[in-house]
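Trainee: Please take a close look at a single part with me.

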Amino acid sequence: MRRREFLTLSAASIGGVVVYSLDRKASRISPQAGNSIRIPLRFFTEAEALIVAAAASCIFPSDEAGPGAREAGVAVYIDRQLAGPWGRDRHRYTQEPFEENAPMEFGYQGQATPQQIYHQGLKELKGFAGLGPDEQNQKLKQIETTVFFSLLRQNTIEGMFCDPTHGGNIDLLGWQMIGFPGPRMSNFDDVDKHFGEAFRPKPASLSQMTGRKARASEDQE
Amino acid sequence: MKTLPSVDVVIVGGGWTGLLMAKELGSRTSLSVVVLERGGPRNADNYGDDMDELDYSIRFRMMQDASRETVTLRHTTTERALPLRQHASFFPGAGVGGAGEHWNGEFPRMLPDCFALLSKTIEKYGAERLPEDHSIQDWGVTYDELEPHYMRVEMLLGISGKAGNLRGKQMEGGNIFEGWRSGEYPNPPVKIPYFSAMFRDATKALGYHPYPIPAATISQVYTNPDGIARPGCTYCGFCERFGCMIGAKAQPTNTLLPVIQKRKNVALRTGATVRRIVYDTTQNGKRARGVSYIDATGQEIFQPAEVVFLASWTLNNTRLLLLSQIGEPYDPASGKGTVGRNLTHQVYYPAATAFFEKPLNRFMGSGAAGVRIADFDGDLFDHSGLPFMRGGILLALSLGFRPIANFGVVPQSVKPKWGSEWKKAAVHYYDRTGNIVFHGEHLAYKGNFMDLDPVYKDHFGDPLIRFTLDWRENERKMAEFATAKAVEIARQMGAKEVTPFPGLRSYDATRSQSTHIQGGTIMGSSPDRSVVNPYLQHWQVSNLFVLGGSVFPQNASANPTPTILALTSRTADAVVNRYLKNPSALA
């Protein structure tokens with residue numbers, strides 16, 4: 001049994017939004033300094049989660065173009081994905097022999113699971129969370145072509161724009177930023193209208209739309 | 001091994017073709033029919049709960065589990081094949097309804113000359129027009145023979161579209177290049193979203209002939225000839241890789257299954273993985289005795305049957321014949337043998353990625369909502385001076401953009417792939433980007449085929465199917481030509497920046513390029529060069545039929561499901577009207 005690890009986020013750092021804890025209870029925390037929330041981690045240690053949060057924030061920064069990985073809870077999203085079947089390659093074909101240096105058009109052919117790729121990648125980013133922004137960006141540039149970085153980049157986008165049941169896209173802020181309303185029962189009256197103009201219905205998550213609990217794959221075998 | 005009581009008919013696979021055959025035999029005869037589906041049952045009533053992009057589109061929850069079985073790929077016979085360890089290039093279905101549950105529902109017919117590609121090409125251009133290493137064949141069935149069956153399956157699924165050729169008369173607004181139709185589509189076309197409307201207007205201005213895509217995502221409430229009613233599409237944009245939450249998209253579970261479930265003579269068993277077709281060798285050749293399968297509890301079962309239908313999609317149809325040692329495996333060196341030959345995919349790629357000033361509201365749409373042009377399809381345009389034969393269609397589909405799959409595409413002028421500059425551009429362009437897609441014909445070649453992999457196994461220990469597959473100059477040149485046309489159209493649509501497709505190099509298994517994989521158990525008029533006859537009946541084993549895209553001798557530009565279902569419908573007629581009265585060779 002691993003020691004229980006938590007990611008402690010200050011309300012100020014995440015801008016005062018709704019966050020989802022492990023049991024998916026939503027709580028709204030105000031942005032005053034001093035408030036914080038402890039989110040139990042499933043896979044990372046707290047030190048690892050802080051590195052992932054910092055690196056994801058370099059990939060998808062919080063800036064004048066809108067909120068970023070930090071506010072969306074990307075580190076929490078990635079932690080849950082890695083702990084679930086995807087992190088263990090539950091549905092990837094993993095029979096030997098592996099060909100680590102296969103040409104790109106065959107896809108990833110390595111033996112390491114996402115869990116192992118992250119563990120190894122994070123070892124090489126030791127101390128990353130404490131670096132300044134320029135140093136962090138430089139460090140990531142050095143690993144830009146690695147399998148770890150491409151996973152991290154892909155997972156960051158997933159965490160920004162997934163249904164919030166998966167732990168990311170907190171308060172639907174990723175969807176709001178790009179004008180995606182989430183699953184909608186009907187666009188029948190609008191699909192052939194609004195030509196040339198932004199049509200932006202209020203976003204709703206899957207469970208808000210159906211009124212039922214979503215069945216996230218990371219919670220299943 | 002446990003042996004079950006014998007049945008009249010066993011059908012391997014519970015997707016479009018297996019369930020269509022089950023419905024036909026189950027309702028037109030009193031035969032006892034068993035369908036064996038290796039995946040699980042589906043709860044189509046709860047598809048609304050499944051509108052989660054991450055689990056369904058990105059993690060492939062409706063697809064075959066790649067950890068249990070996949071395919072291996074090599075480009076030439078001198079390369080070592082490697083397994084495709086996760087889905088990317090195409091998406092095999094699993095579970096009742098198969099890939100027919102998570103398709104987009106585009107429903108075009110093939111051009112009439114596709115069925116006689118070899119003879120028509122030679123007739124018009126001479127044999128020297130054909131690529132040196134081609135293995136193109138005629139199908140042994142004509143468009144005219146298939147037309148009533150196209151019509152029939154269009155009625156069954158409630159296809160929404162506009163005829164362009166009614167009994168030879170050109171109709172404004174439809175595809176004027178299509179083969180003759182005996183009737184109008186059962187429903188009017190679906191709505192055209194903004195991006196597709198821009199494409200329609202631009203192609204018209206350029207002198208082309210745009211038409212609405214024939215759609216199985218139907219435009220209005222419809223009751224089919226079996227009395228099955230479905231609602232009209234609401235353009236929620238969750239078709240591809242999802243089941244339809246309201247059943248507007250025709251799926252085997254909402255179109256065929258309700259009829260089957262009322263028939264006491266049809267049984268559907270899920271979790272039943274067929275591993276072998278069992279046969280006797282007699283003086284007159286082989287005769288199928290049934291199939292052996294592993295049931296949901298892991299027990300090995302023998303299901304005897306009088307007639308066997310193999311309906312388990314292109315890859316597994318071919319693999320089961322090879323594993324069961326029925327027919328002679330194809331040998332590319334000698335050209336002998338038939339099982340595994342003529343593997344084709346489709347020349348399918350985003351020809352032009354266009355970036356616009358105005359937002360497009362691309363979350364709205366449906367899998368088949370959009371506009372196409374067939375001006376560069378088949379042999380419909382002047383090929384003189386062109387370094388390739390045949391062609392394909394260009395289209396602007398509005399299938400409903402979802403953010404994980406589509407976020408991050410930026411014009412070539414934006415260099416970074418992460419960080420502030422990238423994010424700013426990606427946020428801006430997220431809803432200002434559209435792809436003009438090309439679907440082109442894929443010719444058959446002697447060197448593109450399937451056999452059993454000598455190294456990699458499935459979870460039962462049986463060999464995986466192995467692709468030997470690569471593009472040839474005909475596809476590469478066709479793609480270059482179509483890309484230039486797509487860029488021209490994108491500019492006419494008012495795109496500020498356009499990224500052209502970089503070109504086809506070797507077959508890239510990481511790029512999603514449709515699930516339209518064909519061949520391996522091809523149909524034809526000669527047992528030396530095909531596995532099944534024009535009624536999809538095995539040439540040597542007359543009580544074995546093979547249904548699905550595996551029978552295509554080569555691939556057309558059209559999406560394959562309409563032709564697959566029309567061929568299945570024709571086989572059902574032949575079985576009911578002729579074979580059951582005299583169980584012997586139909587051709």
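Trainee: Among contacts in chain B between residues at least 6 apart in sequence, what percentage join residues at least 24 apart?

Mentor: The share is 75%. Contact here means heavy atoms within 4.5 Å. Note that this is a predicted model, where local features need pLDDT of at least 70, side-chain atom pairs count only at pLDDT 80 or more, and totals for chains, interfaces and linings use all residues. Residues are numbered from 1 along each chain as its sequence is written, chains are lettered from A and ligands numbered from 1 in the order in which they are written, and side-chain values use heavy atoms, with hydrogens and water left out.

Start with the overall form. The C-alpha trace of chain B spans about 70 × 55 × 55 Å along its principal axes. Buried residues (under 20% relative accessible area, 1.4 Å probe, protein chains only) make up 67% of the 587 residues in chain B. Chain B holds 12 helices and 22 strands. These are DSSP runs: helices are H or I with at least four residues, strands are E with at least two, numbered from the N terminus.

Now turn to the partner. In chain B, 67 residues are in contact with 76 residues of chain A. Between the two chains the count is eight salt bridges. Each is a side-chain nitrogen of Lys or Arg within 4 Å of a carboxyl oxygen of Asp or Glu. One of them joins B:R59 and A:E158 (3.0 Å, N to O).

Note on methods. Buried means under 20% relative accessible area, exposed over 50%, partly exposed in between (1.4 Å probe, protein chains only).
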